Amino acid sequence: MRNLLNFLIKYNYWFLFVLLEVASFVLLFKHNRYQQSVFFTSANVVSGAVYEVSGGITSYFHLKKANQELLDRNMLLEQQLDNLEKALRDHQVDSMAINSIKELPVTEYRLYKARVIKNSINLSDNFITLDKGSSSGIRPEMGVIDGNGVVGIVYETSPSYSVVLSLLNSKSNISCKIVGSQYFGYLKWEHGDSRYAYLKDLPRHAEFNLGDTVVTSGYSSMFPEGIIVGTVDDMTDSNDGLSYLLKVKLSNDFGRLSDVRVIERIGQGEQKVLESKIVR
Amino acid sequence: MILTYIHRIGWFISLILLQVLLLNNIHIAGYATPFLYIYFILKFGSDTSRNELMLWAFFMGLLIDIFSNTPGMNAAASVFLAFIRPSLLRLFTPRDILDGIEPSFKSMGVSSFLKYMVVSVFVQSAVLLTIEFFSFSNILLLLLRVFACTLLTVSCMIAVEGIRK
């Protein structure tokens, strides 16, 4: 301590020297425009480099927050995209409906637009749920189609929802024929692959080729004639040997249904009542 | 003692006035300006303490800066000169006559005093002009000016020394 004090006392002129020089340079930089600018420019180069390094480091600490913000933003954009796609789909459905209406006799059939909100393809009995129900005029036993062809038959309805018996259901049974001939059979799905169903009970004398188009026959009360179902993919004889068993490649991709239309046939009830009398 | 101080303050004021009113306006060929005011610092007795010398030098430089509108420049340079002056004096003075002399041709001998003056003036000019340029990008011009100023200043000092005798 004593030595330190001695040292400080001995070299005290250094302190005065530094003090006076600092005072001079403070004055210099404060009042001389040129020196000031040079000093601050070079100082800015140094401080800029320092800030660049420290900014590079601190930016890592903000990565989590930035990531959060990006996620939020992404979510927002996805929502917007959803809304836009929905709007786009509505417009597409409109144009599709117009095309279908042109194809169908207006007086005999009426169409309801609906959206698939639940769907399955890999169960043994598949059902589809639509977002429209009895309050929109949908009743059981109505046919359901979309732009690619037959989808199924309305099974149950509630005021705002309806359950559709999908074509991919063992209970489904749709009367079909091959384009160009009047011979008809009925279409059944035999589990397994959602892309194929079987056309049964087609008479052995019917003429057709592989690749021919299968359409609804119009004999059922649900579908008008000529709604596409699929194409003939393969043919075998049925077990009893009296008819053909045709493997039909379905035109509809049941894995990505979204917008469908429900067909109401005017006079369907009347036809049913009449038919049920005969059966009894 | 009081007489010494009056004498010193008289020199102080007159050198400052000489410097700011006359010598600062001299730029021979655009290079050489005499910085005669440091004559005041060089003529302090060799037994003067560094602190006292630096304070004198600081205020002298500061006054000149205030008059010539360059705050800090002359102050920094002359404080530096005052700081190293004892070392220079020790370097150029024969050891036996170091005690309490006032540096002059007579007390130190012509060659020693001349060397002492030249080195001191050179250091002061170098510091001052470096601060004024404040960059080494034009180092040739800087050196030229330092040498020119040193030459002119030393000449002026010899003249003053001759007149005083």
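Trainee: What makes a residue pair between chain B and chain A count as a polar contact, and how many such pairs are there?

Mentor: In this predicted model, the count between chain B and chain A is eight residue pairs, both residues of a pair being at pLDDT 80 or more. They are called polar contacts because a pair of N or O atoms lies within 3.5 Å, one able to donate a hydrogen and the other to accept it.

Trainee: How do you know how many salt bridges cross the interface of chain B and chain A?

Mentor: The rule asks for a side-chain nitrogen of Lys or Arg within 4 Å of a carboxyl oxygen of Asp or Glu, and across this interface it finds zero salt bridges.

Trainee: Which residues make up the side of chain B that touches chain A, by class?

Mentor: That side divides into 14 nonpolar, five polar and two charged residues. The area buried between the two chains is about 1700 Å², with carbon and sulfur atoms giving 74% of it. Pro71(B), Phe83(B) and Phe134(B) supply 34% of the area that chain B buries against chain A, more than any other three residues.

Trainee: Why is the largest set of 57 residues called a nonpolar core?

Mentor: It is called so because its members are buried residues of the listed nonpolar kinds, joined through side-chain atoms within 4.5 Å. Those with the most contacts inside it include Phe40(B), Met60(B) and Tyr116(B). Helix 2 (12–31) of chain A is among the elements that give two or more residues to this core, while its largest share, twelve residues, comes from helix 4 of chain B.

Conventions:
Residues are numbered from 1 along each chain as its sequence is written. Chains are lettered from A and ligands numbered from 1 in the order in which they are written. This is a predicted model: local features need pLDDT of at least 70, side-chain atom pairs count only at pLDDT 80 or more; totals for chains, interfaces and linings use all residues. Side-chain values use heavy atoms; hydrogens and water are left out. Buried area is the accessible area (1.4 Å probe) that two parts lose on being put together, summed over both. A polar contact is a pair of N or O atoms within 3.5 Å; within protein, one must be able to donate a hydrogen and the other to accept it, and residues adjacent in sequence count only if both atoms are side-chain atoms. Ala, Val, Leu, Ile, Met, Phe, Trp, Tyr, Cys and Pro count as nonpolar, Asp, Glu, Lys and Arg as charged, and the others, Gly among them, as polar. Buried means under 20% relative accessible area, exposed over 50%, partly exposed in between (1.4 Å probe, protein chains only). Helices (H or I, at least four residues) and strands (E, at least two) are DSSP runs, numbered from the N terminus.
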